[in-house]
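Please read it beside the sequence and the coordinates.

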Amino acid sequence: MAAVDSFPLLFREITRSCSCYVETLALVGALYTANKAATLVRDCYRLIRLHFIPRLVYPRDLVHRYGTWAVISGASEAIAKAYAEELARHGVCVILVTTDTADLNDTARTISDTHGVQAVLVEADFSHGALTCNPIADAIKDKDVGFVINCLNSSLDIPRDFHDLSERELWQIINDSVSAASLITRLALPGMAERRRGVVVNISSGRCSRPCARKAPLSASTAFFDHFSRALHYEYGHRGVFVQSLLPGKVASEDDDGSWLVPPPRVYARHALSTLGISHRTTGYWPHTLQLGLVRCVPEWIWVMGSRVMCRTT
């Protein structure tokens, strides 16, 4: 009988002695929940402020705020073309830099006829080294260049084993991404810093914001574009130059109507342009922001395993 009575007594003593620990754990749990709730509210506010409010206000005068001309490298890419057309819609003249101007004759003509702005084509093959900069420097001379848009080559998104790439292909990747973005930006930055206004936008890939198997060149180029943008922001932000790293998710081809998760290029460009002057690092499109947020919650080993599975199916 004594043993039976002793258990409730022992339980009460243990409970009494542990009450301070229980209260401490409850306090920690409450603080953790409050922190997560505050983070959710903050993220929702940032999403609305970045992707929705700018599209509701009156369109900004981009020419007055940043400049009259835009230099767009990788102009043969679907996103770059759409971005050029969206800038032209706001009255910005465009200089389209590409390795083959024949592919962009119709695009330049359409931009000029539709929006009444100048569209200049410049052929530049960065495998030729520093000499490539001469025609670009001539094209921007004495012009109020307010925009530099560097777009990554979408062909890098095709899964390939790294050892299957030839030396020529690797040099071409470096020239078309690292060299092109660096040299064109360097040509335009002095004028922007002197006028204390301008924009540099580097468009890479949000899907390779983490390492992706069989997409090593795209992952490396994305890392370069992203860190290049962030470094320039810290260096030139106080001089009036706004630098943005765009990390889009999947965007449909020019002939595809797409969907709300995979928007057509013109829809993506319209959304991305509305984030100028607000965010230095963004996906440019709110469904892609949600997708990237989910990706960051996934452990890297799960991400890598999933990317390998996706590469095998493509």
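## Paired strands and the sheet

In this predicted model, strand β5 (residues 198–203) pairs in the parallel sense with strand β6 (residues 241–246) over six bridges, where pairing requires that DSSP finds at least two bridges between two strands, and where strands (E, at least two residues) and helices (H or I, at least four residues) are DSSP runs numbered from the N terminus. Within this pair, Asn-202 has Ser-245 of β6 as its bridge partner.

Helix α4 (residues 78–89) packs on the sheet and touches β1 (69–73), β2 (93–98), β4 (145–151), β5 and β6, contact meaning heavy atoms within 4.5 Å. The direction of α4 makes about 160° with that of β4, with axes fitted as lines to C-alpha atoms, for helices over the stretch in contact, and angles running from 0 to 180 degrees between N-to-C directions.

The open sheet has seven strands with parallel pairing, in the order β3-β2-β1-β4-β5-β6-β7. Because β3 (119–123) and β7 (281–282) each have a single partner strand, they stand at the edges, and one side of each is left without a neighbour in the sheet.

## Positive phi in two loops

Asp-142, although not a glycine, has a positive phi of about 65°; it lies in the loop between α6 (133–140) and β4, and it counts as exposed at 77% relative accessibility, the classes being buried under 20% relative accessible area, exposed over 50% and partly exposed in between (1.4 Å probe, protein chains only).

Arg-196, also not a glycine, has a positive phi of about 60° and is placed in the loop between α7 (167–195) and β5. With a relative accessible area of 52%, Arg-196 is exposed.

## Basis of the values

Residues are numbered from 1 along each chain as its sequence is written, and side-chain values use heavy atoms, leaving out hydrogens and water. As the model is predicted, local features need pLDDT of at least 70 and side-chain atom pairs count only at pLDDT 80 or more, while totals for chains, interfaces and linings use all residues.
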